[in-house]
Amino acid sequence: MKNKLLIFFSITACILLFGFAARFPGNSISKKDVELKIPAGFPKPLYDFKNNKISPAGFTLGRKLFYDPILSKDSSISCQTCHQRVAAFAHIDHSLSHGIDGRIGTRNVPALQNLIWQTTYMWDGGVNNLEVQPINPITNPDEMNESLAHVIAKLKQNTEYVQLFRKVYRDTIINSERLLKTLAQFTGLMISANSRYDRYIAGRDTFSMQEKSGLQLFRAKCASCHKEPLFSDNSYRSNGLKPDTSLNDTGRGKVSGLQSDNYKFRVPGLRNIEMTFPYMHDGRFRKLKDVLNHYSNAASHTTTADADITRIGRLSDKERTDIIAFLLTLTDKEFLYDARFADPGLK
Amino acid sequence: MRKTFRLIIGLIILLISQLHSSAQHSTGMLSIAFKHLMDGQVLQLDSAVYKNAMGQPFTVSNFKYYISNIQLVKADGKEIAVPGYFLINEDEEASKQLMFNSIPAGEYVSLHFIIGVDSLHNCSGAQSGALDPAKGMFWAWNSGYIFLKLEGKAAASASPGKIFEYHIGGYKAPANCIRKVNLRFEKNLHIEQKNTAYLTIKVNAAEVLRSPASIDFSTLSSVTGFHNASMIADNYTDMFSIAKPDEK
């Protein structure tokens, strides 16, 4: 009898706790959580929150949208399907992007971090403002295959969203501008700046001999494109990869209309590169070793590569290993496990 | 002493409010109607069959465009900005009728505007109203607004379904499609206090397909920005004209 009573109370307690948690999903976001802090040594951000004031409610709504498959046509995939937190919001072990009905896209899912320092977005730089980027995955037939107008219609019929939008904007309007702006509040705050590399630069951590050598080599061979501290110069270049004829992706040429831009792709930032495999715009390399091999050989087997790439020249085994050892210091566990960016459905 | 002071203050307040209200009242209203034509005929979607300069028959299913940065020019050369972005859509009657409530009274000799959206608003992120990307006039893959859409069917078209789709946009060199239009009024336009002045702008869609470039449906049935868009933007820059008062 006593046991039965205990079980009864335990179950009741569980139901109550679960109900409570369901009412307040995820980690609640405070004012402090949404303060924009520019890391030491970082330049002034290029995206301006002036016309998109960050608030705990706005960030919370953006986070819910990011994790909600309601954005896709058949409610099967969300942003996080391809942008996984533990991979700095890249897609672990997937060379090309995935969409509804098992469709496969043509490019590798990029990491989402330090976005407010980017001049343009996507591998080809076709997107000119962080806020309008999500229209691409939402409307791309190989990704969410949905229309903005229909997403808005679905949100308007969802009482939870009606309340969340009202909490942010204090009126009853739900439109694409607000959907996109709250998403930008969430993604814009994804800032990675506390890797071992950052602490080493700040004098708060040490590097091994190998890592020091790797950093030195990196600065000599790679940093003309992968400029510190963001590890990209925001440019578009040809890295000499042989075009994949099954994808026929001409890259930047598609959005600029200039033949001289064909096969150029964004110089990606390298932070958390340990987690963002596979690599390159089409995810053709599974290991950093493959990437380094490519650059080491770029001068010998290609004519399309950027001059900065052919200039790298052959790297010895030791040089390649040292550079990789350095790249691994760019892993930022604080960012990867930041609870603010976790799925609000997970407790 | 105190009484005099109060009186003076009172008078000043009265004077200011008087000035203020007269300033408010010296504005009138302006109604601008857009009348879509295919040469001499009123444009009809889907049903009417037209011919291009090459004699190729076609029908129109969609005709819409942005108008922005409207400026009214007074007789003394002073320009009055009429703010707003307007998506004029043949298929939406209300969109073809613009109403402006507080135009400063005076004599106006011309107006100018751009067809499309200025470069700043092509880069301003998510916007609402006429510029809401959900209106289908925004390119997601290559951020920027589609300034004009002309779509339809032509037997000569080599595209599936015999369709043609001209999506004109792009705010950057080398294919900047922003075009400025300047329209002179034959007779001065009077804007009077509390009165409404009427203006009808005729829009000849036939100009999209001709002069300087004659569009051949068999070789060009789809345009999405870039060089061909810029070419068609040059074509349609002269499609606007002010209707004579008796044409309204």
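This is a predicted model: local features need pLDDT of at least 70, side-chain atom pairs count only at pLDDT 80 or more; totals for chains, interfaces and linings use all residues.

Residues are numbered from 1 along each chain as its sequence is written, while chains are lettered from A and ligands numbered from 1 in the order in which they are written.

Let me start with strand β1 of chain B, residues 27-38. Strands here are DSSP runs of E of at least two residues, helices are runs of H or I of at least four, and both are numbered from the N terminus. In a regular strand the side chains alternate between the two faces of the sheet. In β1(B), B:Gly28, B:Leu30, B:Ile32, B:Phe34, B:His36 and B:Met38 point to one face and are buried, where buried means that 20 or more other C-beta atoms, placed from the backbone, lie within 10 Å of the residue's own.

Which strands pair with β1(B)? Pairing requires at least two DSSP bridges between two strands. With β6(B), residues 97-104, β1(B) pairs in the antiparallel sense over 6 bridges, and B:Ser31 has B:Met99 as its bridge partner there. β12(B), residues 196-204, runs parallel to β1(B) and is joined to it by 9 bridges; in that strand B:Asn204 stands opposite B:Leu37. β2(B), residues 41-42, is antiparallel to β1(B), with 2 bridges, and B:Val42 is the bridge partner of B:Leu37 in β2(B). The hairpin of β1(B) and β2(B) has 2 residues between the strands, and B:Asp39 takes a positive phi near 50 degrees in it.

I turn now to chain A. The axes of helices α9(A), residues 209-221, and α13(A), residues 317-327, come within 7 Å and cross at roughly 100 degrees; axes are lines fitted to C-alpha atoms over the stretch in contact, with angles from 0 to 180 degrees between N-to-C directions. The two helices are therefore roughly perpendicular, a term for angles of 65 to 115 degrees. Among the residues making this contact are A:Leu217 and A:Phe218 of α9(A) and A:Ile323 and A:Phe326 of α13(A), contact meaning C-beta atoms, placed from the backbone, within 7 Å.

Finally, 19 residues of chain A are in contact with 16 residues of chain B. On the chain A side, α7(A) supplies the largest share, 4 residues.

Technical notes. Angles under 35 degrees count as roughly parallel, over 145 as roughly antiparallel, 65 to 115 as roughly perpendicular and the rest as oblique. Two residues are in contact if their C-beta atoms, placed from the backbone, lie within 7 Å. A residue is buried if 20 or more other C-beta atoms lie within 10 Å of its own, exposed if 12 or fewer, and partly exposed in between; C-beta atoms are placed from the backbone.
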